[in-house]
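Student: Please take one part of this structure and go through it closely. I would like to start from the charged side chains.

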Amino acid sequence: MNEFRKALIDVAGDLSESETAVKNALLLKKPRNKKVKIGYYLVPAVIVTLIIFSWQIFIPKMMDFSQAEQPTNEDLFEFITALEEMEYKGGIETSRANAYLQMVEIIGIPKYAKSIGITITDEDRQQAKNSLEQKWRESDLTGVLASASVSNHFPKEKFDENIVPLLIETVAYNKKLEEKMFQDYSKMLPGIANSYGNFMGFSYMETHYKTQLDQFKDQHNIIISSNKSSSNSGTVVAVEDNMFLFVKNMTTNEYNQISPRIFVDRFAAWFINDPKNPVQVGDYVNLKETVISEDRIGNEFAGVGLHYGLEILLPKERADEIKEIELTDQVLEEFNEIYGKAVLINEEAIEITEPPICVIHKKGESYTVWQNEKGLLYILPFGKRELASFTESTSKKMLSLFKQFINE
Amino acid sequence: MIENIGQIIDEYSKHLLRIAYFYTKNRHAAEDIVQDVYIKFMQTDYSESGQLRAYLTKMTVNKSKDYLKSWAYKKIQFETKWWMKATDHDHVIQQEERSSIGAAILKLPLKYREPIILYYYEEMSVLQVAAILQINENTVKTRLRRGREQLRPVLEGEWEVLRHE
C-alpha cells in the first residue's frame, strides 16, 4: 500500500459507527438523526461569532456608531477573513465567502430591526457592551486569537474604531428582535427567535443593498454558491397565533386520524405565517432548508421551525387533486407484487418536493403516493416512516395500475 | 433491480464514507452523502458488469463536490464555526494524532487534495483521474506535483517517497 493511501486511511479513523448509521438508516432498523433536530447549530450565530474577539477585553468608552450605517465594512470583512484563514485554511475563496456572509449578517441585523421600527437606547448599548465584555472575559480562546496572523492586521485601535461599534449595535438590536419575536409569537423558542433575526437581517441586506453587495463581491472576487437546499413538503394542518403547524409527508385527512403525539412521532413544527404570503389549513407546501428546535412551550412539548423559503405546491382549494382511490380485488395481487419489489427507505432520507398524486386505499389500509420530477414513485403506508422507493420500470408498472382509477 | 442492497452496503460503505470524508472532512456530511448515493443507486436499473465499486465511487465524488458547493454546507459552516470550535479543534488534534500526513493532505485546497485522493487513495491512473475530474492529464500531473510540494514541509524527514519524486 502506498504511503499516501495509508496516511489517508489512518486520518479517516474508525468509520464503523458511520457505516452502521448509514446501513440502519437505509435498511430501517434505526433511522439516522439527520439535521432535522438542529438544536446545536441554532446557537446564536452572531453572539457566538463575537466570542471570538476575546483578545479585546475592554471596550473603549467613546465609539463612533456611524460605522453601522454603511452596507459593507472592509475592516470587518478583512478581520473575519483573517480569522477564517487562521482557523480553517480551507482556501482563500472559502474564507472570503464565509467572511462576506458573516459581515452581511452583522451589518444587516440592525438595519432590519430599524426598518420594522425597533429602536435602542444608550442603556441598551451599554448592556450589549457589558454583555460582550463579559463573554470575552469568559472565553478561553484568547491564545488562539492573539496570534500574529490576526493581531498584526488589526491593531487594537482599528478594531475599536471600526468593528466594536458594529458588534455592539448588532448585539443590542438582536436582543430587541428576540424580545419582539416572543411578543409576537406565543409559540416561540429561543434558538429559532435568534436565527430568525439573523436570517431576516441577511435577507434585508440582499433586498435593499443588492447593488452595493454585488459590487463588493466583484471587488473581492467572492463567489457564493447557488442555493442548493434541502426541503420538506407536507400539509398545513393548523393556523394559530400568527403561526402555522406543518406536518411532513402527510395530507390533512391523514393528520385528522393521528394522535396528538405529533411532535414526537413526526417531522412537525410551528412556523411563522408570513402575512405577505399566508398559508391556510389544507395547503400542501414545500419548505426550503427547514430547521427545527424542539422544547417545552409552557406545559406542552412542541417543535418550532424556521424555513428559508415557502412554496405552496397545492392550495387548499385544489386539495381534491390528490385523488383518493380504492383498489379493486382484481389489481391487488399485481399491486402487492410490484410493491414487494420496492426498496424501503426511511422517509427522512428522501426529499419530496411535489404534492402526492393520490392516496391508495386497500382493505382498510391507505398509502400516499408521490411521483418525483424523474417520474419515480414513492409510496408511504399510513402511519409508517418507511417510504417504498421504486425504480423507473416498477414506477411505470405501478402508475399504469393506478391510472385506470385516477382517470375514473 | 438491485437484489442485494444489504450486501452492497456492507461491502462498499467504508470505502465510500472515506472518500466522502476526504472531501468534506465531516463525518455527518459523509454519512449524508453516502446515504444519498445509495438511495440514488437503488433507483437506477444498474446491471452489474464488474464496475460497481468505480460506479459508486464516481457517484460519491460527484455528490461530495455538490455538497461542497451547496448552501447547506456554507450555512452549517457559518452557523457552527465558532461555537463548534472546541469540537473542531479536538477533531483536528485527533486527526493529527492518527496521521499528521493524512491531516496535512486534508488541509490542502480541494484543487490539490482531490487528485491526491483519487491517484493515491483510489489508486487510479493519471488518465482515469483526468477523466473523472474532466481536466487534461498534464493538469492532473501538475496538481499532483503542486499538492506534494505543499505537503513537503510535513513530509520531509518522514517519508522516503518524496526523495524520489
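Student: Which residues are linked in a network of salt bridges?

Tutor: A:Asp122, A:Arg125 and A:Glu169 are linked in such a network. A salt bridge here is a side-chain nitrogen of Lys or Arg within 4 Å of a carboxyl oxygen of Asp or Glu. This is a predicted model, in which local features need pLDDT of at least 70 and side-chain atom pairs count only at pLDDT 80 or more, while totals for chains, interfaces and linings use all residues. Residues are numbered from 1 along each chain as its sequence is written, chains are lettered from A and ligands numbered from 1 in the order in which they are written, and side-chain values use heavy atoms, with hydrogens and water left out.

Over all chains, the structure holds 19 salt bridges. Some individual pairs follow. In chain A, the side chains of A:Lys6 and A:Asp10 meet in a salt bridge, at 3.5 Å from N to O. Both residues lie in helix 1 (residues 3–12) of chain A, 4 residues apart, which is about one turn of the helix. Helices (H or I, at least four residues) and strands (E, at least two) are DSSP runs, numbered from the N terminus. A:Lys6 is partly exposed, with a relative accessible area of 41%, and A:Asp10 is partly exposed as well, at 29%. For these words, buried means under 20% relative accessible area, exposed means over 50%, and partly exposed lies in between (1.4 Å probe, protein chains only).

A:Lys363 forms a salt bridge with A:Asp329, with the closest N and O atoms 3.8 Å apart. This pair links distant parts of the chain, 34 residues apart: A:Lys363 is in the loop between strand 10 (358–362) and strand 11 (365–371) of chain A, and A:Asp329 is in helix 15 (residues 329–340) of chain A. Both A:Lys363 and A:Asp329 are exposed.

In chain B, B:Glu114 and B:Lys65 meet through their side chains in a salt bridge of 2.8 Å, N to O. B:Glu114 lies in helix 7 (residues 110–121) of chain B and B:Lys65 in helix 3 (residues 52–69) of chain B, so the pair ties together parts that are 49 residues apart in sequence. B:Glu114 is buried, because its relative accessible area is 6%, whereas B:Lys65 counts as partly exposed at 22%.

A:Lys396 is found in helix 16 (residues 392–406) of chain A, and is exposed, with a relative accessible area of 55%. A:Lys396 and A:Leu376 are 20 residues apart in sequence, and their C-alpha atoms are 8.0 Å apart in space.

For contrast, consider the nonpolar side chains. A nonpolar core is a set of buried Ala, Val, Leu, Ile, Met, Phe, Trp, Tyr and Cys residues joined through side-chain atoms within 4.5 Å. The largest such core has 72 residues, and those with the most contacts inside it are B:Phe22, B:Tyr38 and B:Leu56. Helix 1 (residues 5–24) of chain B gives the most to this core, with 11 residues. Contact means heavy atoms within 4.5 Å. Among the residues that B:Tyr38 touches, not counting those up to four places away in sequence, are A:Val22, A:Leu26, B:Ile8 and B:Tyr12.
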